Amino acid sequence: MKKKKAVRLGRNSSCPCGSGLKYKKCCLGKKRPVGVDAHIKYAKKHKIRLKTKADIQAIRIAGKIALETLDRVEAYIRPGITTDSINTLVHDFTIKNGATPAPLNYKGFPKSVCVSINDVICHGIPGPRILQDGDIVNVDVTPILNGYYADVNKTFFVGNPGPESLKIVRVTRECLKAGIAMVRPGATLGDIGWAIQRHAHKNKCSVVEEFVGHGVGFAFHEPPQVLHYGRRKEGINLIPGMVFTIEPMINLGKKDLHVLDDGWTAVTDDHSLSAQFEQTILVTDAGYESLTPFEL
């Protein structure tokens, strides 16, 4: 085998630790690259795989497809369509763009997207149900592109929303915004949950505790779990390279729920409305970047 020529590492080269920073701003002059230590420590202690610059770009591209999918869903939603037709739209658009819908056959889930209406909190299975004027509907999409996952969802109005629908969708959107605003190096996962819970309770709404955000990128669900309730300064410390979803599920009534006989569909016990918004978030050196950005 031909001996490879040595590559000189310059001050402006990308740091070999995978942080995405220039060598001079990261590990130059350090006895042991801190970035390498962080990758090893978080993998060993928390089973969290930090993402490199190349990984992040790949997730960002998958996120672009996810957002374009939701844009098409938003333009399509109206009274009279079935949830299964939303599934067809999502499936076909995902495949057309060279990606694979992650929900399809995941642990037996039979469809390519989750569609959750009114009192359905999450994991609604598309089928013959027809959307009615005044409904709210959450659509949760996760494409896999070249082995990388991006996860995003929004709750949409169907036709003319009533005052309760307007409130729960507004509060849930604000909860996601509040949670994302806490993300920065040195913050904790508990800070995120605290901000979300605080805003929900301030608006006399409740936070679903049984379902959580999660690491994402290399797989559909990775460590860590991201609770949407909690206490400040508790939980894992956030460091650059972490990628996870924040996806609060907020109920207009009480937080209690049950899962239907299909083993997937989670609904509120008191039949109150439930909404959800989700983005895939990267912890950066300066704060955060949404890899599935939409206006909040």
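Tutor: The model is a predicted one. The side chain of Glu-174 is paired with that of Arg-170 in a salt bridge, with an N to O distance of 3.1 Å. Both residues belong to helix 4 (residues 163–180), and because they are 4 residues apart there, about one helical turn separates them. Arg-170 also counts as partly exposed, at 39% relative accessibility.

That pair is one of 6 salt bridges in the structure. Another joins Lys-255 to Glu-209, whose closest N and O atoms are 3.0 Å apart. Here the partners sit in two loops: Lys-255 in the one between strand 12 (249–251) and strand 13 (257–259), Glu-209 in the one between strand 8 and strand 9, so the bridge ties together parts that are 46 residues apart in sequence. Lys-255 is partly exposed, its relative accessible area being 36%, and Glu-209 is partly exposed as well, with 28%.

A further salt bridge is formed by Lys-111 and Asp-84, with 2.8 Å between the closest N and O atoms. This pair links distant parts of the chain, 27 residues apart: Asp-84 is in helix 3 (residues 83–96), while Lys-111 is in the loop between strand 1 (100–101) and strand 2 (114–117). The relative accessible area is 21% for Lys-111, which is therefore partly exposed, and 26% for Asp-84, which is partly exposed too.

Next come the charged patches. A patch of negative charge on the surface brings together Glu-210, Asp-256, Asp-269 and Asp-270. Of these, Glu-210 lies in the loop between strand 8 (206–207) and strand 9 (213–215), the loop that also holds Glu-209. Glu-210 has a relative accessible area of 49% and is partly exposed. That value can stand in a patch because the patch cut-off is over 30% relative accessible area, with no salt bridge.

Positive charge gathers on the surface in a patch made of Arg-184, Arg-198, Lys-202, Arg-232 and Lys-233. Lys-233 belongs to the loop between strand 10 (222–226) and strand 11 (243–246). With a relative accessible area of 74%, Lys-233 is exposed.

The cysteines remain. Searching the whole structure gives 0 disulfides. For Cys-114, the nearest cysteine sulfur belongs to Cys-122 and is 7.5 Å away, and Cys-114 is in no disulfide. Cys-114 is buried, with a relative accessibility of 10%. Cys-205 is likewise in no disulfide, the sulfur of Cys-175 being the nearest cysteine sulfur at 7.4 Å. Cys-205 counts as buried because its relative accessibility is 5%.

Methods
Residues numbered from 1 in each chain as written. Predicted model: local features only at pLDDT ≥ 70, side-chain atom pairs only at ≥ 80, totals over all residues. Heavy atoms only, no water. Patch = residues over 30% accessible without salt bridge, like charges linked within 9 Å, V, L, I, M, F, W, Y side chains within 5 Å. Areas by Shrake-Rupley, 256 points an atom, 1.4 Å probe, with all protein chains shown as cover. Salt bridge = Lys/Arg side-chain N within 4 Å of Asp/Glu carboxyl O. Lys, Arg positive; Asp, Glu negative; His and termini not counted. Charge placed at Lys NZ, Arg CZ, Asp CG, Glu CD. Buried < 20%, exposed > 50% of the residue type's maximum accessible area, 1.4 Å probe, protein only. Disulfide = S-S within 2.5 Å.
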